[in-house]
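Here are my notes for your next look at the model. I'd keep the viewer open while reading.

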Amino acid sequence: MFPNATNTFFRGREMALLTKHRKEQLIAPLLEPFLGSKVVQLDDYDTDNLGTFTRDVKRTGTQLETARKKARIGMELTGLKLGLASEGSFGVDPYTGFIPWNIEVVVFIDDMHGLEIVGVAQGSTKIVQEKVDNLEKARRLVADFGFPASQVIVRPDDGENPHFIKGVATWDQFEAVFHDCWRLSKQGLVFIESDFRAHANPARQNMIRLAAINLLLKLHSHCPNCHAPGYWVTETKPGLPCEYCGAPTAVFRAQIYRCPKCDFSKEVARSDLQFADQGSCSLCNP
Ligand SMILES: [Zn+2]
Ligand SMILES: [Zn+2]
């Protein structure tokens, strides 16, 4: 049934996935064939109780804590010993602090083997968050953002207005909603922002897929000491020698793999590169 499933830890088991926004369509096709287990999707619990992107329900825990909580609720509701959950966050990039940035985690909990393994993916993304005073500008703004494939949320005046319409997904709907919000506004402004919910945001869907693939890789990496899955890089060591002068550079030369279960760790030299590009050497290229 699952010809690619090689992982005896999870074969033939069921995993609970609590999601309101059709994330099972992104995650299940990747995980099921390679784990040999089946995703059991639950949509009767409103995950918006744990926080929304529209700021009407604040998320109380961190991204990982919220994902963990969702996975646990799914496991409780189904009575399954395997749980999955995904949680996203949007902010700015960690390097310059200017580029819109999306981080996605997919948490995997296995109570049978006492495991918690987290798939992560992150990268730049496109967002829209602007006040506009006429429909023509508004149309250009959302078209640039990728509307209607990427959906938007519209409010009168500003981002704090409690009246908002989410899931705006067609041009006709957009125009009608724009006029409604414009009529309700006190300053003659309409606030338009990205809808970050997974089913409304194709860029986010891709990032969730990448996080699921990262999880899959971790689940197939086993500890040489205790054989538990999740043996993965937790740290990198800089110092790869410069190709020209041989001095150590900031480019990583080794990775530390660590087991989440028994804490066994090992330094592994990188196998893709022997030398760093001259451009990253502080002596050759100060
Ligand atoms: Zn181990
Ligand atoms: Zn050099």
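1. Start with C223: at 1% relative accessibility it counts as buried, where buried means under 20% relative accessible area, exposed over 50% and partly exposed in between, using a 1.4 Å probe and protein chains only. C259 gets the buried label too, at 2%. Keep in mind that this is a predicted model, where local features need pLDDT of at least 70, side-chain atom pairs count only at pLDDT 80 or more, and totals for chains, interfaces and linings use all residues. Side-chain values use heavy atoms, with hydrogens and water left out, residues are numbered from 1 along each chain as its sequence is written, and chains are lettered from A and ligands numbered from 1 in the order in which they are written.

2. What holds the zinc ion (ligand 1)? The SG atoms of C223, C226, C259 and C262 coordinate it at 2.3 to 2.4 Å. Donors here are N, O and S atoms within 2.8 Å of the metal (3.2 Å for Na, K and Ca); water is not among the atoms, so sites may look incomplete. Along the chain, the spacing reads C-x2-C-x32-C-x2-C. Helices (H or I, at least four residues) and strands (E, at least two) are DSSP runs, numbered from the N terminus.

3. Geometry for ligand 1: the 4 donor atoms make angles of 104 to 115°, hence the tetrahedral label, which for four donors asks that all angles lie between 85 and 135 degrees.

4. Now the zinc ion (ligand 2). Its protein donors are the SG atoms of C242, C245, C281 and C284, 2.2 to 2.4 Å away, spaced C-x2-C-x35-C-x2-C in sequence. This site is tetrahedral, with angles of 105 to 113° among the 4 donor atoms.

5. Is C245 buried or partly exposed? It counts as partly exposed because its relative accessibility is 38%. C242, at 1%, is buried.

6. On domains, an automatic or database assignment gives domain 1 (14–126 + 199–219), domain 2 (129–198) and domain 3 (232–280). The C-alpha centres of domain 1 and domain 3 are 29 Å apart.

7. Last, L210: this residue sits in helix 5 and is partly exposed at 48% relative accessible area.

Conventions: Tetrahedral: all angles 85-135°; square planar, octahedral: opposite > 155°, others 65-115°.
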